[in-house]
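Keep the viewer open as you read.

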Amino acid sequence: MSRPIPQYLPGKPLRFIDELQGDPIGMFMNMLEAHGDLCEVKVGHLQGLFVFEASAVERVLVGNYKNYKTKESRSYGPLQKFLGEGLVTSEGELHLSQRRMLQPAFHRDRIAGFFDTMLQHANQLVAQWRPASVSGDFVDVSERICEMTLAIIGETMFDADLRPDAARIASAVRAVASRFHWTSTTLLPLAELWPTEKNLEARRAKAFLDEQVDALIERRRQRPPGDDLLGLLLDANQAQQTSTSVMRDEVLSMVVAGHETTAVELGWILWLLSTHPEVLEQVEAELDAVLGDAPITLEKTRELPVLTRTLQEVLRLYPAVWALAREAEAADELCGFPIAAGSRVFFSPFAVHRNPKYWDNPEGFDPDRFLPERSVGRPKFAYFPFSGGQRKCIGDQFTMLELTTVLATVLRAYRFELKEGTEPVPSPNVTLPMRDPLPMRLIPR
Ligand code: HEM
């Protein structure tokens with residue numbers, strides 16, 4: 001027998017709108033605290049279900065995934081205007097065929113082949129920071145990190161050097177992504193059409209990105225075929241399996257999904273390590289023991305369990321893709337609650353990862369919670385930084401290798417000291433960047 005769904009802030013639409021606009025993450029956490037597994041919001045004709053229970057997340061992403069659409073989900077509508085029919089936003093048969101086509105670019109062996117590129121860019125980062133480490137000045141570490149992740153995605157996926165334009169591309173992506181704040185996607189679906197200053201800036205940024213994508217495709221066309229992602233796309237385009245517009249969307253999707261996410265995560269980890277010396281010491285001890293003074297190798301990156309658990313824990317506390325949405329095509333039931341056809345379903349890795357039902361001391365930074373003996377009995381979808389099922393992040397292994405390689409390199413070179421009084425504040429849009437720069441002093445090790 002289905003139970004009635006608890007309503008969040010019934011009769012208080014303005015308070016809900018305030019929370020959604022002012023602090024969407026806080027809103028998710030308030031919902032979790034007030035209602036636990038699931039709750040609903042109704043404001044006029046708008047309706048949304050918010051899910052915090054692991055088995056319900058699993059049903060949406062895996063068990064009954066065909067019923068939960070991404071593209072039709074009105075919440076992803078504006079994102080789709082930005083990314084078109086790329087893998088992130090396409091649906092059904094098109095999504096399946098694109099995923100099959102692109103999968104070889106993310107094959108385990110191929111990812112392993114990216115190690116040298118990742119290492120080279122990590123070493124360059126260490127070198128770029130050297131003058132600041134000598135002078136003792138504080139630097140905004142997030143800036144260079146973002147340029148580095150963009151350069152890595154350019155070289156590995158498109159066989160292209162994006163470094164000369166990295167700063168402009170990164171800031172254009174930020175300008176557009178900031179328009180996909182929950183406020184506009186959920187409550188004011190037409191807000192991005194207004195000619196406000198920010199919207200005009202976003203439109204200019206999108207035009208610039210389109211030019212960059214076209215130039216990338218053109219440059220790649222001049223070079224021999226290959227099984228890098230853009231090489232695969234060009235083959236499919238030539239064989240008329242993919243239209244030129246889908247190919248462009250795919251390239252833009254990969255540029256966006258592939259660099260901002262990992263850059264965001266690196267910022268959070270450097271901050272968390274700088275504020276948790278006991279964890280940092282364990283990570284450093286492991287790096288010293290496993291790597292010594294020898295060069296880092298791919299094999300060695302697989303022998304760093306402390307660093308891996310630390311990454312898992314950062315992805316728990318600050319998952320770069322912090323909230324997901326779907327739309328139920330037909331009626332369903334989630335953890336005993338009736339779900340009407342057409343319902344919009346929102347679920348946040350950020351919130352589920354802090355649900356006290358699954359995590360002791362959920363706000364604490366404790367990498368050892370991922371030790372096998374402490375993970376027994378935890379439901380699979382209590383932790384899903386890369387989502388799951390058919391739409392699981394295609395770049396998950398790429399991400400783990402990149403984060404491990406970059407961190408092993410920079411943490412061997414420097415200790416990162418946070419400027420006193422700095423307290424990063426998440427600024428959620430599609431991803432979860434920090435609102436402000438991250439000033440740190442780099443102390444050579
Ligand atoms: C910290 C790093 C990352 C995180 C936390 C992350 C997270 C996610 C999540 C949660 C999804 C699923 C969205 C949904 O279900 O609606 C996703 C999808 C996707 N991600 Fe990632 N991602 C990361 C890095 C990357 C990288 C490095 C790439 C590319 C190299 C990438 C490419 C993609 C693509 C193409 C999709 C769409 C997959 C599909 O729908 O079939 N991501 N990512």
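Start with α12 and α13, which are roughly antiparallel to each other because angles over 145 degrees get that label (under 35 counts as roughly parallel, 65 to 115 as roughly perpendicular and the rest as oblique). Helix α12 covers residues 229–238, and it packs with α13 at an angle of about 170 degrees, their axes 10 Å apart. Axes here are lines fitted to C-alpha atoms, for helices over the stretch in contact, and angles run from 0 to 180 degrees between N-to-C directions. On the α12 side the contact uses Leu 229, Leu 230, Leu 233 and Asn 237, while α13 brings Thr 244, Met 247, Glu 250, Val 251 and Met 254. Two residues are in contact if their C-beta atoms, placed from the backbone, lie within 7 Å. Sorted by class, the residues of this α12–α13 contact are six nonpolar, two polar and one charged. For the classes, Ala, Val, Leu, Ile, Met, Phe, Trp, Tyr, Cys and Pro count as nonpolar, Asp, Glu, Lys and Arg as charged, and the others, Gly among them, as polar.

Some housekeeping before we go on. This is a predicted model, where local features need pLDDT of at least 70 and side-chain atom pairs count only at pLDDT 80 or more, while totals for chains, interfaces and linings use all residues. Residues are numbered from 1 along each chain as its sequence is written. As for the element names, helices (H or I, at least four residues) and strands (E, at least two) are DSSP runs, numbered from the N terminus.

Stay with α13 and look at the ligand. Which helix supplies the largest share of the shell around the ligand? That would be α13, with seven residues. Both α13 (244–275) and α19 (396–413) supply at least two residues each. In total 25 residues surround the ligand, and the closest are Gly 258, Thr 261, Ser 387, Cys 393 and Gly 395. A residue is near a molecule or strand if its C-beta atom, placed from the backbone, lies within 6 Å of it. By class the shell has 14 nonpolar, eight polar and three charged residues.

Now over to α19. Gln 397 sits in this helix. Is Gln 397 buried, exposed or partly exposed? It is partly exposed, because 17 other C-beta atoms lie within 10 Å, and the cut-offs are 20 or more for buried, 12 or fewer for exposed, and partly exposed in between, with C-beta atoms placed from the backbone. Leaving out residues up to four places away in sequence, Gln 397 touches Phe 106, Arg 108 and Ile 111.

Further along, α19 meets α14 (residues 277–291) at an angle of about 100 degrees, with the axes 10 Å apart. So α14 and α19 are roughly perpendicular to each other. Val 283, Glu 284, Leu 287 and Leu 291 in α14 meet Ala 408, Leu 411 and Arg 412 in α19. That contact has five nonpolar, no polar and two charged residues.

Two leucines are worth a click next. Leu 304 lies in the loop between α15 (298–301) and α16, and it is buried, with 21 other C-beta atoms within 10 Å. Not counting residues up to four places away in sequence, Leu 304 touches Glu 286, Val 290, Thr 404 and Ala 408. The C-alpha atoms of Leu 304 and Thr 404 are separated by 8.5 Å, although the two are 100 residues apart along the chain. Leu 311 is in helix α16 (residues 305–317) and counts as buried, with 23 C-beta neighbours inside 10 Å. With residues up to four places away set aside, Leu 311 touches Ile 269, Met 400, Leu 403 and Thr 404.

Then find Gly 388, in the loop between α18 (372–375) and α19. Gly 388 counts as partly exposed, with 17 C-beta neighbours inside 10 Å. Beyond its neighbours within four places in sequence, Gly 388 is in contact with Leu 61, Val 62 and Phe 381. Gly 388 and Leu 61 are 327 residues apart in sequence but 5.9 Å apart in space, C-alpha to C-alpha.

Last stop: helix α7 (residues 115–135) and helix α8 (residues 141–158) pack at an angle of about 155 degrees, with their axes 10 Å apart. They are therefore roughly antiparallel to each other.
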